[in-house]
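This briefing goes through one protein structure topic by topic. Look at the sequence and the structure first, then read the points below with both at hand.

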Amino acid sequence: EESQQFLDLYDTHALTSAFLQQQLLDVGTGSWNIAFDATPPRFTFENFPGNIDFQLVGSTTPFSFVWATPDHPSAKAGVFGESLMSGVKLIRELAPNVPEIHTDMIECDLPESVAISMAQNKETLPLEFFGHKACAILCGVLNAAAYYSCPTNFGCRLFVVLAPREGFPRFSARYPKGSAPLLNKLRQTFLSMLSKPNQCPSNHKKALMSGLTQCGFQYIIQDHQGKENKEAKPGWEDLLVLLEGEDEHKLKVIFDNKGRMRSLSMSLNGNDYPQ
């Protein structure tokens with residue numbers, strides 16, 4: 001089970017990372033390839049032009065997640081160059097009190113034989129979801145465009161974060177910062193995250209506030225005064241999102257006193273979209 005420090009860090013970057021991840025999937029990347037022996041190392045997608053800058057995050061085995069550090073077996077074998085591991089080095093410097101980030105190998109609590117059996121049956125490996133959360137954190141810290149989990153063998157994966165965000169200009173072109181289309185897409189992404197137990201943030205309110213701020217939105221927090229569920233709830237709060245230059249809120253989210261979302265409503269119309 002992840003520490004609260006790790007979950008807090010994940011919550012900070014979860015929504016923005018999930019949004020960018022969906023944009024990468026929407027592009028339709030096709031097959032991938034990494035050339036570690038090239039100078040500089042190359043990451044390419046079949047359907048995406050040119051080489052993509054990348055940083056290594058780590059990899060899974062049937063029973064562990066191993067951070068991309070000089071102690072990683074592939075680093076010791078000379079496959080991973082030092083420059084490709086600088087992202088993990090940076091996050092360790094910025095998050096000195098998060099135990100998982102400073103543990104080179106995170107091991108699952110399943111018997112090794114069970115984990116191997118899961119890999120043989122092509123089931124999701126126990127620590128694959130940890131790898132996704134680690135990537136979300138590094139995407140935020142490195143201002144990366146997205147991340148990719150590369151299937152390797154025996155059900156294992158290599159996790160990489162891709163390029164500075166300016167390397168993917170089509171993302172910002174489709175959803176300008178602070179715009180109605182972006183707000184609507186964030187809403188969809190947020191609701192999708194909450195429906196996935198292994199992607200769901202531990203504090204819905206913190207995750208939404210962080211994502212909105214990172215995407216250029218203004219919002220206000222008010223004590224909840226409504227009569228939803230027949231009575232006002234002490235300690236509940238309304239989060240109201242405003243588009244730039246407007247006074248009327250476009251998105252309203254009600255959170256309980258534990259930061260969990262209780263309801264969400266949106267009031268966009270055609271006039272909110274660019275002509």
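K133 lies in helix α5. With a relative accessible area of 8%, K133 is buried, because buried means under 20%. The model is a predicted one.

- K133, a residue of helix α5, touches E2, F6, L7, Y10 and N198, leaving out residues up to four places away in sequence.
- N143 is found in the loop between α5 and β7.
- Is N143 buried, partly exposed or exposed? N143 is partly exposed, with a relative accessible area of 36%.
- The phi of N143 is near 55°, which is a positive value in a residue other than glycine.
- Most residues other than glycine have a negative phi.

**The largest pocket**

- The largest pocket holds about 540 Å³ of space.
- Which elements give two or more residues to the lining of the largest pocket? They are α1 (4-27), α5 (128-142), β7 and α7 (180-194).
- The largest share of this lining comes from α1, with 7 residues.
- In total, 23 residues line the largest pocket.
- Those that lie nearest the centre of the pocket are A18, Q21, Y147, K196 and Q199.
- By type, the lining residues divide into 9 nonpolar, 10 polar and 4 charged.

**Strands β7 and β8**

- Strand β7 covers residues 144-151 and is mostly covered, with 7 of its 8 residues buried.
- β7 runs antiparallel to strand β8 (residues 157-164), and 7 bridges join the two.
- Y147, one of the residues nearest the centre of the largest pocket, has V161 in β8 as its bridge partner.
- β7 and β8 form a hairpin with 5 residues between the strands.
- F154, in this hairpin, takes a positive phi near 60°.

- Why is strand β11 (residues 251-255) described as largely enclosed by the rest of the structure? The reason is that 4 of its 5 residues are buried.
- On one pairing, β11 joins strand β10 (residues 237-242) in the antiparallel sense over 5 bridges.
- V241 has L251 in β11 as its bridge partner.
- β11 also pairs with strand β12 (residues 261-266), again in the antiparallel sense and over 5 bridges.
- The bridge partner of I254 is S263 in β12.
- β11 and β12 form a hairpin with 5 residues between them.
- G259, in the turn of that hairpin, has a positive phi of about 80°.

**D238 in strand β10**

- D238 is found in strand β10.
- D238 has a relative accessible area of 6% and is therefore buried, the cut-off being under 20%.
- The side chain of D238 makes a polar contact with the side chain of H224, at 2.9 Å.
- D238 and I221 are 17 residues apart in sequence, while their C-alpha atoms are 5.7 Å apart in space.
- Leaving out residues up to four places away in sequence, D238 touches several others, among them I220, I221, Q222, D223, H224 and Q225.
- D238 also touches K252, V253 and I254.

**R92 in helix α3**

- R92 lies in helix α3, which covers residues 86-94.
- Is R92 buried or exposed? R92 is buried, with a relative accessible area of 19%.
- The side chain of R92 makes a polar contact with the side chain of D104, at 2.8 Å.
- Apart from its neighbours within four places in sequence, R92 is in contact with W67, T69, I101, H102, T103 and D104.

**A cis peptide bond**

- The peptide bond from T39 to P40 is cis, with omega near -5°.
- Most peptide bonds are trans.
- Where does P40 lie? P40 lies in the loop between β1 (32-35) and β2 (42-45).

Notes:
Residues are numbered from 1 along each chain as its sequence is written. This is a predicted model: local features need pLDDT of at least 70, side-chain atom pairs count only at pLDDT 80 or more; totals for chains, interfaces and linings use all residues. Side-chain values use heavy atoms; hydrogens and water are left out. Buried means under 20% relative accessible area, exposed over 50%, partly exposed in between (1.4 Å probe, protein chains only). Two strands pair if DSSP finds at least two bridges between them. Contact means heavy atoms within 4.5 Å. A polar contact is a pair of N or O atoms within 3.5 Å; within protein, one must be able to donate a hydrogen and the other to accept it, and residues adjacent in sequence count only if both atoms are side-chain atoms. On a 1 Å grid over the protein atoms alone, a cavity is a set of points where a 1.4 Å probe fits but cannot get out, and a pocket is an open set with protein on both sides within 12 Å along at least five of seven lines; lining residues have an atom within 4 Å of a point. Grid points are joined across faces, edges and corners, and a volume is the space filled by probe spheres set on the points. Ala, Val, Leu, Ile, Met, Phe, Trp, Tyr, Cys and Pro count as nonpolar, Asp, Glu, Lys and Arg as charged, and the others, Gly among them, as polar.
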